[in-house]
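Here are a few friendly notes to read alongside the model. Please keep the structure open as you go through the points.

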Amino acid sequence: MTQRPLLLKKLGLGLCILALALAVLGYLTAKSAQTDIEAATHAFVRSKGIMGRNFGGERVAPEVSSHVEWPFVVVGSYFVPADLHGSYHQTTYLALPWGNYAMSNEEFFPI
């Protein structure tokens with residue numbers, strides 16, 4: 001009778017350790033994919049010739065960044081200034097050890 005609760009406790013502990021290890025692996029994979037995603041975003045912006053304008057009217061390059069959203073999920077984004085406003089564009093990527101895959105695109109324009 002006492003064997004079953006002990007077995008369930010060990011199984012639960014093993015599953016918790018497995019889930020924690022998977023989460024750590026996901027964050028490490030996403031963190032290492034950030035530079036590749038930023039480089040791909042820079043290449044996209046350059047290939048399309050996307051430029052913004054600052055408050056003085058001078059042409060400026062968009063600001064490119066990325067951040068880890070969840071384990072295995074990275075968001076790459078760029079901001080195109082337009083005087084006092086600007087547009088924000090982001091792409092969500094699934095970052096796996098063997099490659100990065102775009103999942104969704106969003107664009108936010110000024111009102």
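1. Strand β5 (85-96) gives the most to the lining of the largest pocket, with 4 residues. Helices (H or I, at least four residues) and strands (E, at least two) are DSSP runs, numbered from the N terminus. α1, β4 and β6 (99-108) also supply at least two residues each.

2. This is a predicted model, where local features need pLDDT of at least 70, side-chain atom pairs count only at pLDDT 80 or more, and totals for chains, interfaces and linings use all residues. Residues are numbered from 1 along each chain as its sequence is written, and side-chain values use heavy atoms, with hydrogens and water left out.

3. A search of the whole structure finds 2 aromatic pairs (ring centres within 6.5 Å; planes under 30 degrees apart are stacked, over 60 edge-to-face, the rest tilted). The rings of Phe44 and Tyr78 have centres 6.3 Å apart and planes at 50°, so this pair is tilted. Phe44 sits in helix α1 and Tyr78 in strand β4 (residues 73-82), 34 residues apart, so the pair links distant parts of the chain.

4. Is Tyr78 buried or exposed? Tyr78 counts as buried because its relative accessibility is 10%, whereas Phe44, at 39%, is partly exposed. Buried means under 20% relative accessible area, exposed over 50%, and partly exposed in between (1.4 Å probe, protein chains only).

Methods: Rings of Phe, Tyr and Trp (its six-membered ring) pair if their centres lie within 6.5 Å; planes under 30 degrees apart count as stacked, over 60 as edge-to-face and the rest as tilted.
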